[in-house]
Amino acid sequence: MLSEPGLPMGPDLGLEAYGVPLRVLVIEASAYTAGLLQDVGALTGLSVEVARDPRGAIRRLHEESFDALVIELPTPHISAHDLFREIVAANLDQACRTVFLANDLGDTATRKFLTDVGRPFLTQPADPLELFDLVLRVGLGDEEEQ
């Protein structure tokens, strides 16, 4: 006896539909945000790497590509404007897959930078699930305007 196909059962973890894990590079002074993403994304196959040196991250972007970049502001040893300009020069597609985490929106330079680049951002401390969702949407090219 034939029956109608049933609806998919089990949790919808998002990435399974695409069949490939997402690679994420987190540029931050500590490994805190990278750890959050690793914990939340563990079941989905999210691959998270951390770069504590922004200039080292730029060198990596000349050689390899990531599905999403997460950059914590402020960045050590380089201004956010200069860092983003170098990311654009290294890999324009990568620049379009960048998310920022702002530690201090009271800082006028940070607010101006975020307004100028027009990329999605969250404020610290970021909710892990909200961060995961934003990284997932940006990494899959399905980001919504904020």
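**View A. Salt bridges across the whole model.** In the whole structure, a search finds 10 salt bridges, each being a side-chain nitrogen of Lys or Arg within 4 Å of a carboxyl oxygen of Asp or Glu. The model is predicted, so local features need pLDDT of at least 70, side-chain atom pairs count only at pLDDT 80 or more, and totals for chains, interfaces and linings use all residues. Residues are numbered from 1 along each chain as its sequence is written, and side-chain values use heavy atoms, with hydrogens and water left out. Side chains of opposite charge can pair when their charged atoms come close.

**View B. The overall layout of the protein chain.** The protein chain has 6 helices and 5 strands; these are DSSP runs numbered from the N terminus, helices being H or I with at least four residues and strands E with at least two. Read from the N terminus, the order of elements is β-α-β-α-β-α-α-β-α-β-α. The protein chain has 146 residues, of which 40% count as buried (buried: under 20% relative accessible area; exposed: over 50%; partly exposed: in between; 1.4 Å probe, protein chains only). Contacts are heavy atoms within 4.5 Å. Among those in the protein chain between residues at least 6 apart in sequence, 62% join residues at least 24 apart.

View C. R23 and E49 form a salt bridge in which the closest N and O atoms are 3.1 Å apart. This pair links distant parts of the chain, since R23 belongs to strand β1 (residues 23–27) and E49 to strand β2 (residues 47–51), 26 residues apart. R23 has a relative accessible area of 26% and is partly exposed. E49, at 23% relative accessibility, also counts as partly exposed. A network of salt bridges links R23, E49, R60 and E64. The charged end of R23 also sits over the ring of F66, 4.2 Å from the ring centre (NZ of Lys or CZ of Arg within 6 Å of the ring centre and within 35 degrees of the ring normal).

**View D. Two further salt bridges.** One joins the side chains of R59 and D53, at 3.7 Å from N to O. D53 counts as partly exposed, at 36% relative accessibility. Another joins the side chains of K112 and D116, at 2.9 Å from N to O. Both K112 and D116 lie in helix α5, where they are 4 residues apart, about one turn of the helix. D116 is partly exposed, its relative accessible area being 44%.

View E. The structure holds 3 aromatic pairs (rings of Phe, Tyr and Trp, the last by its six-membered ring, with centres within 6.5 Å; planes under 30 degrees apart are stacked, over 60 edge-to-face, the rest tilted). The rings of F84 and F113 have centres 6.3 Å apart and planes at 80°, so this pair is edge-to-face. F84 is in helix α3 (residues 80–90) and F113 is in helix α5 (residues 108–117), so the pair ties together parts 29 residues apart in sequence. For F100 and F113, the ring centres are 5.1 Å apart and the planes at 90°, so that pair is edge-to-face. F100 lies in strand β4 (residues 98–102) and F113 in helix α5, so the two tie together parts 13 residues apart in sequence. Together F84, F100 and F113 form one aromatic cluster. Both F84 and F113 are buried, F113 having a relative accessible area of 2%. F100 counts as buried at 1% relative accessibility.

View F. The buried residues of α3 are A80, L83, F84, I87 and A90. Seen down the axis of α3, these buried residues fall within an arc of 120°, so they line one face of the helix (the arc is that of the directions from the helix axis to the C-beta atoms). What covers the buried residues of α3 includes α2 (54–63), β3 (68–73), α4 (92–95), β4 and α5. On the other side of α3, R85 and A89 are exposed.

**View G. R119 and the backbone of T98.** R119 is in the loop between α5 and β5 (121–123). R119 counts as buried, at 13% relative accessibility. A polar atom of the R119 side chain lies 3.1 Å from the backbone oxygen of T98.

Technical notes: A polar contact is a pair of N or O atoms within 3.5 Å; within protein, one must be able to donate a hydrogen and the other to accept it, and residues adjacent in sequence count only if both atoms are side-chain atoms.
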